[in-house]
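Subject: Structure handover

Hello,

Here is the structure for you to look at.

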Amino acid sequence: MPNAAVPPELLTRLDDTPDAAFYTLPRLVTHLDTSSLAALTTFYAEQLPAGADVLDLISSWVSHLPAGLRLGHVAGLGMNATELAANPRLAEPVVQDLNADPRLPWPDGRFDAALNALSVQYLTRPQEVYDEVARVLRPGGIAIIAHSHRCFPTKAVRAFRDYAPADRLRLCRQYLNQTGAFDSAQLVDRSPPDADPLWIVFARRRAWCPTRAPNHRLPEANQGI
């Protein structure tokens with residue numbers, strides 16, 4: 001039952017024209033300041049083992065992976081071929097619009113980690129995407145969702161325009177927990193002092209996956225993380 005627990009109005013956007021048109025031109029920019037990008041890279045270094053096969057979802061020209069960490073196969077799925085081609089960490093660039101087709105083009109258990117940096121706010125079918133993330137992760141693999149306060153507001157779903165930061169974190173946790181495939185997701189604030197905020201949700205894939213429980217309630221507003 002895709003998005004059963006998320007009221008449809010929270011996944012609406014101000015601009016619902018096809019995403020392929022919006023992302024036609026490459027944007028070779030970063031979406032956080034230097035300190036916060038370094039904090040994200042540090043978090044990846046803490047969580048990703050050497051040799052891990054990594055999927056970078058909604059990828060671009062940089063994946064923020066630690067420069068000194070030798071990884072296995074790194075695949076990146078994004079919206080713009082030029083951006084993906086400019087990313088030196090990607091061995092397998094894939095152009096795909098997850099809002100049009102949330103199915104991931106990899107077999108079960110292909111990756112040790114699935115990263116989504118600064119782009120979860122653009123997913124209009126998040127539960128379908130994270131059901132697929134659970135499918136392509138190996139048991140013990142990690143899913144990491146990192147976001148901040150910046151976005152293209154016309155393309156971000158309503159929840160990420162209207163919710164407070166703590167509630168956006170809990171919504172991301174719900175995306176993972178509702179798959180039934182992950183241990184309970186953890187929420188962390190890795191914002192450096194005097195820099196852009198950096199909020200992270202992450203969880204490990206279980207060795208077994210119970211049926212996803214339907215109709216989880218959304219978090220109450222205005223509670224602490």
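Two strands count as paired if DSSP finds at least two bridges between them. Please keep in mind that this is a predicted model.

**The sheet**

E4 and E5 meet that criterion: they pair in the parallel sense, over six bridges. One of the positions involved is Leu 115, whose bridge partner in E5 is Ile 144. The sheet is open and has seven strands. Their order is E3-E2-E1-E4-E5-E7-E6, and the pairing is mixed. Which strands stand at the edges? They are E3 and E6. Each has a single partner strand, so one side of each is left without a neighbour in the sheet. From one strand to the next, the twist averages 15 degrees.

**Helix H2**

H2 covers residues 34–47, 14 residues in total. Its first and last C-alpha are 20 Å apart, close to the 20 Å expected at 1.5 Å a residue. Its buried residues are Ser 36, Leu 37, Ala 39, Leu 40, Phe 43, Tyr 44 and Gln 47. The buried residues of H2 pack against strands E4 (111–117), E5, E6 and E7.

**Helix H6**

H6 spans residues 165–177 and has 13 residues. It reaches 18 Å from first C-alpha to last, close to the 18 Å expected. This helix is mostly covered, with 10 of its 13 residues buried. H6 lies across E5, E6 and E7, and runs at about 20 degrees to E7.

**Asn 87**

Asn 87 sits in the loop between helix H3 (81–85) and strand E3 (92–95). Is Asn 87 buried or exposed? It counts as buried, at 4% relative accessibility. Its side chain makes a polar contact with the side chain of Ser 63, at 2.8 Å. Leaving aside neighbours within four places in sequence, Asn 87 is in contact with Asp 56, Ser 59, Ser 60, Trp 61, Val 62 and Ser 63.

Best regards

Key:
Residues numbered from 1 in each chain as written. Predicted model: local features only at pLDDT ≥ 70, side-chain atom pairs only at ≥ 80, totals over all residues. Heavy atoms only, no water. Helix = DSSP H or I, 4+ residues; strand = E, 2+ residues; numbered from the N terminus. Expected span 1.5 Å × (residues − 1). Buried < 20%, exposed > 50% of the residue type's maximum accessible area, 1.4 Å probe, protein only. Contact = heavy atoms within 4.5 Å. Polar contact = N/O pair within 3.5 Å; in protein donor to acceptor, adjacent residues only side chain to side chain. Axes fitted to C-alpha atoms, helices over the stretch in contact; angles between N-to-C directions.
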